[in-house]
Amino acid sequence: MGRKNRTRQRAQPNRDGRPEGKRNRDDAGWGAGYSEIIKENKLFEHYYTELKIVPEGEFEEFMEAMREPLPATIRITGYKSHAKEILHTLKEKYFKEVQDLEVDGQKIEAPQPLSWYPDELAWHTNLSRKILRKSPLLEKFHQFLVSETESGNISRQEAVSMIPPLLMKIEPQHKILDMCAAPGSKTAQLIEMLHSDMDIPFPEGFVIANDVDNKRCYLLVHQAKRLNSPCIMVVNHDASSIPRLHFDQDGKKDILFYDRILCDVPCSGDGTMRKNIDVWKKWTTSNSIHLHGLQIRIAVRGVEQLAVGGRMVYSTCSLNPIEDEAVIAALLEKSEGALELADASADLPGLKYMPGITSWKVMTKEGQWFSDWSEVPTSRHTQIRPTMFPPTDPEKLANMKLERCMRILPHHQNTGGFFVAVLVKKAPMPWNRRHPKLQMGESLADVPPADGSSADAPVEAVEVSSARCVSGPPPPKKMKLFGFKEDPFVFLTEDDPIFPPIQAFYDLSPDFPKLNVLTRTREGKKRNLYMVSKELRNVLLNNSERMKVINTGVKVWSRNNDGEQFGCAFRLAQEGIYTLCPYIRARIINISVEDVKVLLTQENPFLSKLGDDAHTQAKKLEMGSIVLRYLPDPQDLDAPQCPIDLCGWRGKTSIRAFVSRNECLHYLRMVGVEVFRDKQGKRNDGSTETQEESTEDAEGLSQEADLLEQEGEETEQNANGTEPVSSTCDGPTS
């Protein structure tokens with residue numbers, strides 16, 4: 001989670017307390033290493049002993065847990081209808097194979113579901129990344145994890161990292177902002193929750209995922225693109241000054257307020273010592289002191305953009321109250337009753353946590369303690385601020401209900417350390433009760449109040465004292481843009497000449513949303529066509545000058561010049577097949593489980609290789625792009641009980657599926673074929689690869705694993721995705 005604030009925190013530690021540029025380990029605890037670092041820090045022990053965040057008599061157990069490696073954790077993506085099939089495969093095959101194994105003298109424990117995660121969709125085990133990658137006994141399991149992760153069906157994510165999205169109570173119509181989103185594991189959860197009903201291809205809601213680091217935005221794009229959603233937009237801004245966005249509502253320009261905001265701020269990361277071992281030797285209290293101001297600024301900007309009635313979840317992977325309760329207390333005090341801490345104690349049954357504390361002290365890196373702001377010498381006023389201390393007024397402190405905050409301690413459920421608080425906005429923020437400052441060319445009628453209320457509502461007259469101006473938010477900074485210049489996002493018009501051939505070829509239904517289709521070029525031939533949801537289109541069209549968009553949309557069609565002779569120059573793209581399929585009424589072949597096996601294991605099978613029913617359907621179609629659809633049979637419980645849609649191509653005498661390598665493996669497993677590459681490049685489904693191909697695949701899988709397992713690595717990804725590969729997972733096709 002290593003991130004930095006580019007404008008104000010250049011020299012500060014990143015999300016996990018390390019200097020920027022140091023490689024982080026993965027988010028799921030698959031990392032081992034750093035054996036040369038001694039897991040001792042007397043200042044750390046002294047500090048947390050004094051603060052009493054750990055129950056009496058448990059501190060030794062707490063420290064022992066901090067020194068143990070973090071368990072590996074996986075989460076099955078919950079929005080795809082394939083989740084139950086993946087869960088069944090894991091429980092009935094892979095988990096049974098790995099339990100009771102011994103690797104290098106270590107007994108592998110049977111994976112267990114996280115008791116508090118719904119529907120058994122998250123599991124943990126004592127497997128480390130090192131053991132997974134090096135042990136021949138676990139090679140099949142490792143290949144399964146890597147390919148399913150790349151397909152978006154599994155996310156390797158630390159257990160505590162899964163908590164904030166669950167507390168947001170997301171519904172499909174919600175507008176969501178993820179303020180500090182990279183590398184994207186929580187963002188992926190948010191997207192899944194939007195798509196909880198797979199019968200709705202375009203939920204009304206959307207996720208805007210932001211990160212200050214331009215390069216890390218591409219890792220975020222990679223994570224989000226695995227889920228193939230038209231409802232995600234990745235942007236690149238300083239979270240503490242993320243711009244206010246406009247959108248059209250009922251023909252009027254309105255200000256965008258979010259229903260849900262995830263505010264997972266940069267922090268010192270001392271809750272991550274189990275996976276980021278170098279925090280042990282680098283930890284001091286100065287990290288928290290330096291980050292406190294930035295955390296407040298980001299959180300203030302978040303609640304400013306939150307709609308009245310909305311929820312914002314504030315979280316850190318730090319145990320330090322200066323980064324936790326102190327920030328929440330400062331927010332509540334600034335809000336003058338506009339914000340309220342929600343009681344989330346019943347939201348995740350089975351989760352063990354400690355309630356927030358109401359009394360704490362501040363310690364310098366030299367070990368000097370201060371109990372109150374009045375004790376701080378003038379010489380330290382620039383480093384230590386009043387907001388770092390608990391409120392002195394007992395009544396004000398009691399009304400804040402800080403005990404509703406949640407601190408997760410590592411020894412209670414064998415996790416990392418974490419802090420989370422849920423804030424509900426009951427009224428406009430005090431400094432937002434007037435109309436916002438008008439931009440050039442805007443009139444008062446054009447811009448509604450900055451409080452999320454109706455433009456027709458009377459504006460509350462508020463006397464803002466000089467003291468309140470000081471405690472309110474700082475003036476917005478001028479937006480700075482970093483990194484690469486992105487290709488434009490160009491929406492097509494309904495009468496674009498590109499549509500009639502597509503409409504006729506695929507017999508698109510009349511309600512197909514043509515206005516939601518975009519391309520990434522203004523001139524020349526359009527190579528790929530993408531789709532976004534109606535609301536994201538609204539946001540894009542109204543904010544092109546004030547927002548730096550890195551990526552949005554899911555690819556639905558790709559140009560194939562050979563297709564022009566068959567009536568359509570665009571073939572279907574597997575990435576967007578589940579978005580498009582509700583609108584396609586032609587070019588569909590219904591296939592059986594045996595047909596799926598043939599299509600995904602044979603290079604270019606003749607039409608006659610299909611079953612009689614599919615063969616008859618295929619013969620009636622002209623050459624060109626097709627949908628290969630499997631529909632479950634409720635009577636055949638051994639077959640997959642979820643629909644499968646594959647992009648394909650009907651040739652003159654043959655047929656093939658166009659799916660990526662890892663999706664190919666995924667669908668083969670779903671129909672009962674396990675694909676495993678041994679050292680000689682042989683696959684147990686009957687096909688073989690050359691040594692060169694096998695080596696390339698092995699290197700590709702390793703690179704994919706590294707990309708997803710090392711979330712701090714600054715990796716650039718092609719925002720337009722990759723081209724499909726052949727159905728036998730061997731390489732590109734024409």
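Where is Gly-184 found? In this predicted model, Gly-184 is found in the loop between β7 and α7, and this glycine is among the residues that the unreviewed UniProt entry annotates as "binding site".

**The annotated site**
- According to the unreviewed UniProt entry, the "binding site" annotation covers Cys-180, Ala-181, Ala-182, Pro-183, Gly-184, Ser-185, Lys-186, Asp-211, Asp-238 and Asp-264.
- Pro-183 is found in the loop between β7 (175-178) and α7 (185-194), and with a relative accessible area of 6% Pro-183 is buried.
- Gly-184 is buried because its relative accessibility is 2%, and, leaving aside its neighbours within four places in sequence, Gly-184 is in contact with Leu-220 and Gln-223.

**Aromatic pairs**
- The count of aromatic pairs comes to 19, one of them being the edge-to-face pair of Phe-44 and Tyr-48, with 4.9 Å centre to centre and 65 degrees between the planes.
- Both Phe-44 and Tyr-48 lie in helix α1 (residues 42-51), four residues apart, which is about one turn of the helix; Phe-44 is buried at 0% relative accessibility, and Tyr-48 is buried at 1%.
- Phe-95 and Trp-123 form a tilted pair, 4.8 Å centre to centre with 45 degrees between the planes, and this pair links distant parts of the chain, with Phe-95 in helix α3 (residues 83-98) and Trp-123 in strand β5 (residues 122-125), 28 residues apart.

**Cluster and charges over rings**
- One aromatic cluster is formed by Phe-44, Tyr-47, Tyr-48, Trp-280, Trp-283 and Trp-369.
- Lys-361 lies over the face of Trp-369, at 4.7 Å from the ring centre, while the charged end of Lys-93 sits over the ring of Tyr-94, 5.6 Å from its centre.

Terms used
Residues numbered from 1 in each chain as written. Predicted model: local features only at pLDDT ≥ 70, side-chain atom pairs only at ≥ 80, totals over all residues. Heavy atoms only, no water. UniProt positions renumbered as here; feature names shortened; annotations may be inferred. Helix = DSSP H or I, 4+ residues; strand = E, 2+ residues; numbered from the N terminus. Buried < 20%, exposed > 50% of the residue type's maximum accessible area, 1.4 Å probe, protein only. Contact = heavy atoms within 4.5 Å. Phe/Tyr/Trp six-rings, centres within 6.5 Å; stacked < 30°, edge-to-face > 60°. Lys NZ or Arg CZ within 6 Å of the ring centre and 35° of its normal.
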